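Hi,

Here is the structure I promised to pass on. Could you take a look when you have a moment? My notes follow just below it.

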Amino acid sequence: MKRLTLPLLAVLVGAAGSNPGASIVEHGASGGVIPCRVCHGMQLQGNAGMGAPPLAGLPESTTLPALAAIAAGKQGKNFAMRDVARALTPAQRQAVAAYIAGLRRGPGS
Ligand code: HEC
């Protein structure tokens, strides 16, 4: 059994992609994390219809406090976003913030 565990883990990690932040943006995560791009746009360029602001290119120093404030109910009015912020673990917030910071800002954002 032990011999099987490591290769299986490697397959699971591989399937999620090498970048955990990208994986959360594209596929979400367990515990109620809806993929960010469902609301914030495919390139995280924002989605006015959803009231979701652009995220692409935001520095971690903006994203991390925003997620904390939203999770605490101190920022934002969108309950789905609040639930997502609450569901992210600290490591997931960090991973997703780093990924967002590395994205190019889209036109108009
Ligand atoms: C169900 C739709 C939805 C999903 C899924 C979603 N968001 Fe949001 N998000 C919003 C909305 C709507 C707002 C604006 C909230 C408000 O101001 O009322 C927002 C706001 C934010 C903000 C604040 C931006 C700022 O400039 O203050 C951040 C950061 C953020 N979202 C990150 C994320 C991340 C990271 C994910 C994926 C893990 C995610 N969101 C998934 C809808 C969503």
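This is a predicted model: local features need pLDDT of at least 70, side-chain atom pairs count only at pLDDT 80 or more; totals for chains, interfaces and linings use all residues.

Of its 109 residues, 24% count as buried. Looking at contacts between residues at least 6 apart in sequence, 53% join residues at least 24 apart.

The shell around the ligand holds 23 residues, and the closest are C36, C39, G76, A80 and M81. By class, the shell has 17 nonpolar residues, five polar and one charged. Which helices supply at least two residues each of that shell? They are α3, α4 (60-71) and α5 (79-87). The largest share comes from α3, with four residues.

Two of those helices, α4 and α5, also pack against each other. Their axes come within 8 Å and cross at roughly 110 degrees. An angle of 65 to 115 degrees counts as roughly perpendicular, and α4 and α5 are therefore roughly perpendicular to each other. The crossing of α4 past α5 is left-handed. On the α4 side the contact is made by L67, I70 and A71, and on the α5 side by M81, R82, A85 and R86. Five of these contact residues are nonpolar, none are polar and two are charged. M81 turns up in both places: it is one of the closest residues to the ligand and also part of the contact of α5 with α4.

The other pair is α2 with α6. In α2 (residues 20-27), the buried residues are G21, S23, I24 and V25. What do they pack against? Their partners are α3 (36-40) and α6 (90-101). For α2 and α6, the packing angle is about 90 degrees and the axes are 7 Å apart, and these two helices are therefore roughly perpendicular to each other as well. P20, G21, A22, I24 and V25 of α2 make this contact with Q92, A95, V96, A98 and Y99 of α6. The contact has eight nonpolar residues, two polar and no charged ones. Just after α2, G28 takes a positive phi of about 75 degrees.

If you open the model, you could start with the ligand shell, with C36 and C39 among the closest residues, and then turn to the contact of α2 with α6.

Best wishes

Notes:
Residues are numbered from 1 along each chain as its sequence is written. A residue is buried if 20 or more other C-beta atoms lie within 10 Å of its own, exposed if 12 or fewer, and partly exposed in between; C-beta atoms are placed from the backbone. Two residues are in contact if their C-beta atoms, placed from the backbone, lie within 7 Å. A residue is near a molecule or strand if its C-beta atom, placed from the backbone, lies within 6 Å of it. Ala, Val, Leu, Ile, Met, Phe, Trp, Tyr, Cys and Pro count as nonpolar, Asp, Glu, Lys and Arg as charged, and the others, Gly among them, as polar. Axes are lines fitted to C-alpha atoms, for helices over the stretch in contact, and angles run from 0 to 180 degrees between N-to-C directions. Angles under 35 degrees count as roughly parallel, over 145 as roughly antiparallel, 65 to 115 as roughly perpendicular and the rest as oblique. A crossing is left-handed if the near helix is turned anticlockwise from the far one by less than a right angle, and right-handed if clockwise.
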